[in-house]
Amino acid sequence: MECDTSVRTTIWDEAKKLWKLQGYGDWPAGDEYAIYLAAGVLEFKNQNGRDKGAERCFVIITSTAVRCIWNIRCERAIAGKQITAEEARARWWKAINTRFELDKEITKKRHGDLAIKKEIVHHTWHRLLDKSKLPSDDWINKGTGVLVGSSPPPSGRRRRGRQNG
């Protein structure tokens with residue numbers, strides 16, 4: 001995962017910031033690659049024992065960070081495109097918000113056996129939501145919800161289509 005250090009650091013810093021907002025304290029110790037490889041087996045506890053929502057959230061955060069870093073690295077290596085730290089930050093938040101929206105979508109009954117339970121999505125994301133921007137308690141079915149720490153794109157710059165990062 002070699003990549004421009006400032007871009008890689010920016011993305012990992014955003015991932016760590018999002019994790020800390022969840023209320024589980026500091027990011028696990030170790031190098032980035034080892035943490036990514038171990039993400040699926042790390043266990044996080046709460047007062048009731050194992051917290052599967054936190055574990056799932058950690059896997060999503062780390063895999064999204066690695067994918068963003070990889071995509072940016074490929075753009076640099078293949079197309080020679082240089083990405084600024086600010087653009088990397090924007091790509092990170094777009095990717096994590098897209099994943100959040102996907103999780104909400106796959107709870108719908110129209111997905112049949114592939115649908116996941118709303119409780120799983122709730123336990124994964126509820127600590128990361130900006131509660132002031134929620135339309136109701138049923139944020140999975142109503143409204144979009146906004147992750148804490150993310151910000152909307154500057155006015156006039158809403159992009160549609162395939163996500164690059």
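**Contacts along the chain.** I began with contacts, meaning heavy atoms within 4.5 Å. Of the contacts in the protein chain with a separation of 6 or more, 62% are between residues 24 or more positions apart.

**Ground rules.** I noted that this is a predicted model, where local features need pLDDT of at least 70 and side-chain atom pairs count only at pLDDT 80 or more, while totals for chains, interfaces and linings use all residues. Residues are numbered from 1 along each chain as its sequence is written, and side-chain values use heavy atoms, with hydrogens and water left out.

**Layout.** I counted five helices and two strands in the protein chain; these are DSSP runs numbered from the N terminus, H or I of at least four residues for helices and E of at least two for strands. Their order along the sequence is α-α-β-β-α-α-α.

I then checked burial (buried is under 20% relative accessible area, exposed over 50%, partly exposed in between, with a 1.4 Å probe and protein chains only). Of the 165 residues in the protein chain, 34% are buried. Next came nonpolar cores, which are sets of buried Ala, Val, Leu, Ile, Met, Phe, Trp, Tyr and Cys residues joined through side-chain atoms within 4.5 Å. The largest has 32 residues, and Ile11, Trp19, Trp27, Ile61, Trp92 and Ile96 have the most contacts inside it. At least two residues each come from α1 (5-21), α3 (52-79), α4 (85-105) and α5 (118-125), with α3 giving the largest share, 10 residues.

I looked up Trp92 by itself. Beyond its neighbours within four places in sequence, Trp92 touches Ile11, Glu14, Ala15, Leu18, Ile61, Thr64, Ala65 and Cys68.

**α1 with α3.** I took axes as lines fitted to C-alpha atoms, for helices over the stretch in contact, with angles from 0 to 180 degrees between N-to-C directions. The axes of α1 and α3 come within 10 Å and cross at roughly 165°. Angles under 35 degrees count as roughly parallel, over 145 as roughly antiparallel, 65 to 115 as roughly perpendicular and the rest as oblique, so α1 and α3 are roughly antiparallel. Residues of α1 that meet α3 include Ile11, Ala15 and Leu18, and among their partners in α3 are Ile61, Ala65 and Cys68.

**α4 with α5.** Here the axes come within 9 Å and cross at roughly 155°, so α4 and α5 are roughly antiparallel to each other. From α4, Ile96, Arg99, Phe100, Asp103 and Lys104 meet Val121, Thr124 and Trp125 in α5.
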